[in-house]
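Visitor: I am new to this structure and would like to learn how to read it. Please take one feature at a time.

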Amino acid sequence: MVQNQGLVNNAVEMENVSLKINNQPVLTNINLNIGLNDFLAIIGPNGGGKSTLLKVILGLTKTDHGQISVFGNRPGNPHNPIGYLPQHVSFDPDFPINVFDTVLSGRYHGFFKGYSDEDWEMVKKALEEVGMIKLRDRQMSRLSGGQMQRVFIARALVREPKLLLLDEPMASIDPEMQNSFYKLLSQLRKRMAIVLVSHDVGAVSTQVDNIACLNQKLYYHGPVENSGEGLEAVYNCPIDLISHGIPHRVLKKH
């Protein structure tokens, strides 16, 4: 049964969540609350369970133990307002599709069901928001990595999510584009929660509210400004952070 989202305090609530794959621990005793307007970065090494955690929230992967609530519902409930940008988007660069039609596919309603005027308006609105409306007719194969990511985010936005999950969104964006990308996210978070996953500590901006480190266990969670000592304890070495969107060394002497 779908609960009234107006009465829900958190977008996601996870309590003692554990998961094994092929008898190997992937997530162990995870406890995490994601607020309705949180901007959370989850970092950690490759294979640490970050992508799996997102799939658990989406309901694509079932857990072995623990309780999970997504907007008061079970994961995978079709009423959960979630937008998702996977780490690897299935995309054939030789397929002749333009920006507008790529985003329109996010409003797909099933076979033999066309698109409504509302669908078209939602696509225009999403493209305007991510700054890609002027390139609406451009072929996807002619876009830069950063432009493609904006298009894929627009495709996630056309479903009007209240939670946006981004898996390694900075992987195909050069450092100079990361600042503008974070500015886009800071605008989006005014009306939704955002979870950004990365294996690169240096891809974390101070525009993020909170940061968590996941390596099978959730080791640290708190404000970015105060995260240095906690993260260094996890990685057992000094760290890099991006300050105000500009790469800035905050390493201690070592």
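Guide: Helices (H or I, at least four residues) and strands (E, at least two) are DSSP runs, numbered from the N terminus. This is a predicted model, in which local features need pLDDT of at least 70 and side-chain atom pairs count only at pLDDT 80 or more, while totals for chains, interfaces and linings use all residues. Residues are numbered from 1 along each chain as its sequence is written, and side-chain values use heavy atoms, with hydrogens and water left out.

Visitor: Is Gln 149 buried or exposed?

Guide: Buried means under 20% relative accessible area, exposed over 50%, and partly exposed in between (1.4 Å probe, protein chains only). Gln 149 has 8% relative accessibility, so it counts as buried.

Visitor: Which residues does Gln 149 touch?

Guide: Contact means heavy atoms within 4.5 Å. Leaving aside residues up to four places away in sequence, Gln 149 touches Leu 85, Glu 168, Pro 169, Ser 172, Ile 173 and Phe 181.

Visitor: How do I read the packing of H4 and H5?

Guide: Axes are lines fitted to C-alpha atoms, for helices over the stretch in contact, and angles run from 0 to 180 degrees between N-to-C directions. Angles under 35 degrees count as roughly parallel, over 145 as roughly antiparallel, 65 to 115 as roughly perpendicular and the rest as oblique. Here H4 (residues 145-157) and H5 (residues 175-188) pack at about 10 degrees, with their axes 12 Å apart. The two helices are therefore roughly parallel to each other. On the H4 side the contact is made by Gln 149, Arg 150, Ile 153 and Leu 157, and on the H5 side by Ser 180, Phe 181, Leu 184, Leu 185 and Leu 188.

Visitor: What about aromatic pairs?

Guide: Rings of Phe, Tyr and Trp (its six-membered ring) pair if their centres lie within 6.5 Å; planes under 30 degrees apart count as stacked, over 60 as edge-to-face and the rest as tilted. The count by this rule is two aromatic pairs. In one, the rings of Phe 39 and Tyr 182 have centres 6.4 Å apart and planes at 40 degrees, so the pair is tilted. Phe 39 is in strand E3 (residues 39-43) and Tyr 182 in helix H5, 143 residues apart. Both Phe 39 and Tyr 182 are buried. The rings of Phe 100 and Trp 120 have centres 5.1 Å apart and planes at 40 degrees, so that pair is tilted. Phe 100 is buried at 3% relative accessible area, whereas Trp 120 is partly exposed at 39%.

Visitor: Which strands does E1 join?

Guide: Two strands pair if DSSP finds at least two bridges between them. Eight bridges join E1 (residues 10-21) to E2 (residues 24-35), and these strands run antiparallel. Ile 21 has Gln 24 in E2 as its bridge partner. Five bridges join E1 to E4 (residues 65-70), again antiparallel, and Glu 13 stands opposite Ser 69 in E4.

Visitor: Where should I look for a positive phi?

Guide: Most residues other than glycine have a negative phi. Asn 22 has a positive phi of about 55 degrees although it is not a glycine. Asn 22 is found in the loop between E1 and E2 and is exposed, at 74% relative accessibility. Phe 71 also has a positive phi of about 55 degrees. Phe 71 lies in the loop between E4 and strand E5 (82-85) and is buried, with a relative accessible area of 3%.
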